[in-house]
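Subject: Structure handover and notes

Hello,

Please find the structure below, with my notes after it. Keep the model open while you read, so that you can look up each residue as it comes.

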Amino acid sequence: MQDSVLNLCRVKLRDQQRLENTHVLEEYPQYPNTEFGDAVPRAGNSSGGGQPGSILKCLGWEKDPNAYIYFIAQAPVWSSICQVVKQEDWITDPKYATPAARLPHLKAIFERIEKWSMTLTKFEAVAVLNQYDIPCGPILSMKEIADEPSLRATGTIVEVDHPVRGKYLTVGNPIKLSDSKTDVTRSPLLGEHTDEILQELGYLQKDIVELRTAKVI
């Protein structure tokens with residue numbers, strides 16, 4: 001999760017510099033119908049940032065706020081995308097055949113792909129797209145994230161035991177090194193390690209007892 005945030009920041013910083021040099025960002029949904037200002041615009045449900053992508057509705061979206069997938073119209077799999085959504089004419093159509101030609105038509109492209117995705121659940125859609133190596137991913141609810149076995153297996157989501165609140169879920173360490181494994185542990189209770197800290201500072205046990213008796217600690 002931390003890596004995703006950092007990557008997003010990198011992309012947007014890069015796009016800001018591109019905008020200052022080119023005055024337009026062709027991968028953004030504002031292109032070509034809206035004039036660009038001096039700051040990177042909000043991309044809404046689209047990605048911006050070089051690889052055209054967008055969040056698309058799936059079956060049940062009317063009632064389920066998580067019935068969506070994130071879809072990237074990556075150039076190497078463009079032919080496969082067209083075949084999946086039954087729009088094979090786009091493969092050779094000059095308006096869609098190349099990445100540059102597609103940029104002014106991204107809104108129409110994603111609307112067409114969404115017509116297809118709305119006929120399937122998000123997991124069904126991802127299963128189909130994975131067969132063709134088309135980049136995509138389901139939009140997961142917090143419950144789905146909490147219950148996802150793969151996130152538990154990789155340590156992305158970990159369960160911590162707390163003496164007061166009991167067991168709870170939290171985010172694992174995003175940095176994973178084979179020779180430097182880390183355990184995510186709970187925060188200490190108020191005053192839990194007071195004795196240990198005082199001992200490290202040179203206090204004897206009798207001194208600590210006296211401090212407690214005098215209610216200094």
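His23 sits in the loop that links H1 and S1. This is a predicted model, and the values below are computed from it.

Backbone points

His23 is not a glycine, yet its phi is positive, at about 65°. Is His23 buried or exposed? Its relative accessibility is 58%, so His23 counts as exposed; the cut-off for that class is over 50%.

The loop between helix H1 (2-22) and S1 also holds Pro32. The peptide bond that leads from Tyr31 into Pro32 is cis, and its omega is near 5°.

A positive phi turns up again at Lys86, with a value of about 60°, and Lys86 is not a glycine either. Look for Lys86 in the loop between H2 and helix H3 (99-102). Lys86 counts as exposed because its relative accessibility is 61%. Asp133, which follows H5, has a positive phi near 60°.

Trp78

Trp78 belongs to helix H2. Its relative accessible area is 3%, so Trp78 is buried; buried means under 20%. Which residues does Trp78 touch, leaving aside those up to four places away in sequence? They are Trp90, Ile91, Tyr96, Ala97, Arg102 and Ile109. Trp78 can also be compared with Pro99: 21 residues separate them in sequence, and the distance from C-alpha to C-alpha is 8.9 Å.

Helix H5

Helix H5 covers residues 122-131, and Lys122, Ala125, Val126 and Leu129 are buried in it. Why do these four lie on the same side of H5? They cover an arc of only 95° around the axis, which puts them on the same side of the helix. The cover over the buried residues of H5 includes strand S2 (68-72), helix H2 (78-84), H4, strand S3 (136-138) and helix H6 (142-147).

The hairpin

Strand S4 (residues 157-162) and strand S5 (residues 166-171) run antiparallel, and six bridges join them. How many residues lie between the two strands of this hairpin? There are three residues between S4 and S5.

Rolling a probe the size of a water molecule over the atoms shows where empty space is left. The second largest pocket holds about 380 Å³ of space. It is lined by 24 residues, and the closest to its centre are Pro29, Ser46, Leu106, Lys107 and Phe110. Strand S1 (53-57) and helix H4 (106-117) each give at least two residues to the lining of this pocket. Which element supplies the largest share of the lining? H4 does, with six residues. Sorted by class, the lining has 12 nonpolar, eight polar and four charged residues.

Regards

Notes:
Residues are numbered from 1 along each chain as its sequence is written. This is a predicted model: local features need pLDDT of at least 70, side-chain atom pairs count only at pLDDT 80 or more; totals for chains, interfaces and linings use all residues. Side-chain values use heavy atoms; hydrogens and water are left out. On a 1 Å grid over the protein atoms alone, a cavity is a set of points where a 1.4 Å probe fits but cannot get out, and a pocket is an open set with protein on both sides within 12 Å along at least five of seven lines; lining residues have an atom within 4 Å of a point. Grid points are joined across faces, edges and corners, and a volume is the space filled by probe spheres set on the points. Ala, Val, Leu, Ile, Met, Phe, Trp, Tyr, Cys and Pro count as nonpolar, Asp, Glu, Lys and Arg as charged, and the others, Gly among them, as polar. Two strands pair if DSSP finds at least two bridges between them. Buried means under 20% relative accessible area, exposed over 50%, partly exposed in between (1.4 Å probe, protein chains only). The arc is that of the directions from the helix axis to the C-beta atoms. Contact means heavy atoms within 4.5 Å.
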